[in-house]
Amino acid sequence: MTERLAIIGAGAKAVAVAAKAATMRDMGVATPEVVAVERSAVAANWRSGGGWTDGQHRLGTSPEKDVGFPYRSSILPGRNGELDARMMRLSWQSYLVNTGRFAEWVDRGKPAPTHETWAAYLRWVADSVGLQVVDGEVVRLSLSGRSWVVHCRDDSVEADAVMITGPGQPDRSVLPGHPQVLSIAQFWRMAAEHQRIDAERVAVIGGGETAASMLNELFKHRVATITVISPQATLFTRGESFFENRMFSDPTDWAGLTLSERRDVMARTDRGVFSARVQDSLLADDRIRHLRGRVAHGVAADGRIRITLHTDRQSERLETVHGFDLVIDGSGADSLWFLPLLGQDVLDLLEVRLNGPLTGDRMQQAIGDDLALAGVRPKLILPNLSGLNQGPGFPNLSCLGLLSDRVLGLGSHTYPIDRTIRRNVDYQPL
Ligand SMILES: Cc1cc2nc3c(=O)[nH]c(=O)nc-3n(C[C@H](O)[C@H](O)[C@H](O)COP(=O)(O)OP(=O)(O)OC[C@H]3O[C@@H](n4cnc5c(N)ncnc54)[C@H](O)[C@@H]3O)c2cc1C
């Protein structure tokens with residue numbers, strides 16, 4: 001039975017799943033056809049112009065956590081060793097060997113690659129395995145019988161399983177269009193164009209890897225103070241010991257933890273925390289300070305941007321107002337970014353299956369072993385919401401090889417369909 005898996009976004013996860021599927025196909029194993037629908041280019045979010053980086057900043061995780069990591073396949077009993085050996089041909093190190101840079105990388109002490117180099121690696125893998133890409137921005141996801149229809153403006157793709165990837169849209173801004181407020185994409189556009197930022201009091205909304213990269217860049221500009229605004233009590237350092245890292249690479253014991261223990265691990269290692277490297281090199285700078293709270297809104301007044309913050313204290317909510325010369329809204333990453341794409345038919349299906357309105361928490365708790373929403377057919381695979389139920393490494397780059405096994409190997413995408421990419425079919429603008 002042939003099947004098609006459509007992946008929204010040709011980023012790291014799509015490349016990893018396509019690599020595993022192609023490798024299994026080379027071994028004579030039937031696997032779903034993998035089609036990525038991409039609005040820009042393979043690995044666009046890791047390059048300048050993609051909105052999330054200028055490409056010159058460095059990967060936070062080790063590049064050896066590549067498309068096959070942790071090279072412990074369990075999808076083909078009796079042949080997993082062979083599968084891992086074949087996947088090694090698509091590893092980060094194979095890429096360096098292939099491009100004549102392996103020895104230099106080792107001799108330089110295995111430095112973290114820039115985002116641009118990481119993108120080049122992902123593109124090399126995509127080319128090597130012949131990743132099928134349909135060009136177009138996905139604007140709607142609907143159902144047709146027992147299949148998904150992924151709608152772009154000009155094309156639509158039918159599939160019997162859909163996987164949604166990516167951090168969302170980097171254009172979010174607390175005060176759109178105001179010159180003293182930048183979205184993530186505007187910030188990186190300025191950086192790529194070498195425009196100098198000159199401001200006394202700068203605020204960066206949001207924590208985590210996105211903010212870390214922006215802080216790294218901001219230090220090169222003329223700024224007097226940088227206030228990082230996040231809901232956490234302080235700017236925590238990410239737990240990066242062997243035991244914490246292992247949870248990301250190997251979530252075997254994850255299911256044995258209680259829900260609150262899992263949330264605790266994720267708070268220490270994932271959400272809104274800075275790596276030890278960032279804490280050492282950036283946060284020691286006395287221009288940086290932290291403000292706890294959630295941004296309620298921003299207004300322009302007297303040449304400044306006034307940000308209203310809500311902070312929970314014991315049983316009361318405190319409201320405070322703070323003025324800045326420049327605000328960079330780094331809160332764009334959103335694992336629920338795809339909700340506005342869902343047609344009414346899809347919303348109805350999901351609400352029935354999930355027994356209630358679609359909330360982040362309800363969806364996270366409904367994710368099964370195959371990283372799809374349990375009980376929903378056709379399959380909707382949501383790795384970015386899989387951390388809580390399946391393991392903290394699935395939303396990021398920490399175990400892409402394991403992610404591919406789960407997506408391709410468990411359960412079945414049981415509905416054979418007419419495998420066509422249609423042009424201009426029944427697309428209604430939103
Ligand atoms: C600056 C930055 C640094 C990071 N560093 C790390 C790190 O070091 N380690 C780590 O584990 N994680 C890191 N992350 C998190 C990272 O986003 C994820 O780990 C990883 O990229 C997720 O892979 P993905 O395939 O889900 O998404 P991506 O690799 O981001 O790919 C998503 C793709 O979807 C496309 N797309 C978006 N919307 C649409 C649409 N509507 N239609 C069609 N295509 C669309 C985009 O163009 C993009 O190509 C970082 C994130 C950022 C923003």
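I looked up Pro 231 and found it in the loop between strand 10 (222-230) and helix 8 (242-249); helices (H or I, at least four residues) and strands (E, at least two) are DSSP runs, numbered from the N terminus. The model is predicted, with local features needing pLDDT of at least 70 and side-chain atom pairs pLDDT 80 or more, while totals for chains, interfaces and linings use all residues. Residues are numbered from 1 along each chain as its sequence is written, and side-chain values use heavy atoms, leaving out hydrogens and water.

I noted a relative accessibility of 34% for Pro 231, which therefore counts as partly exposed (buried is under 20% relative accessible area, exposed over 50%, partly exposed in between; 1.4 Å probe, protein chains only). Leaving aside neighbours within four places in sequence, I found Pro 231 in contact with Arg 292, Gly 293 and Arg 294 (heavy atoms within 4.5 Å). I recorded 8.8 Å, C-alpha to C-alpha, between Pro 231 and Val 295, which are 64 residues apart in sequence.

I then turned to helix 2 (residues 80-87), where Asn 80, Leu 83, Asp 84 and Met 87 are buried. Seen down the axis, these buried residues fall within an arc of 95 degrees, so they line one face of helix 2 (the arc is that of the directions from the helix axis to the C-beta atoms). An α-helix has 3.6 residues a turn, so residues three or four places apart point the same way. I found that the buried residues of helix 2 pack against helix 1.
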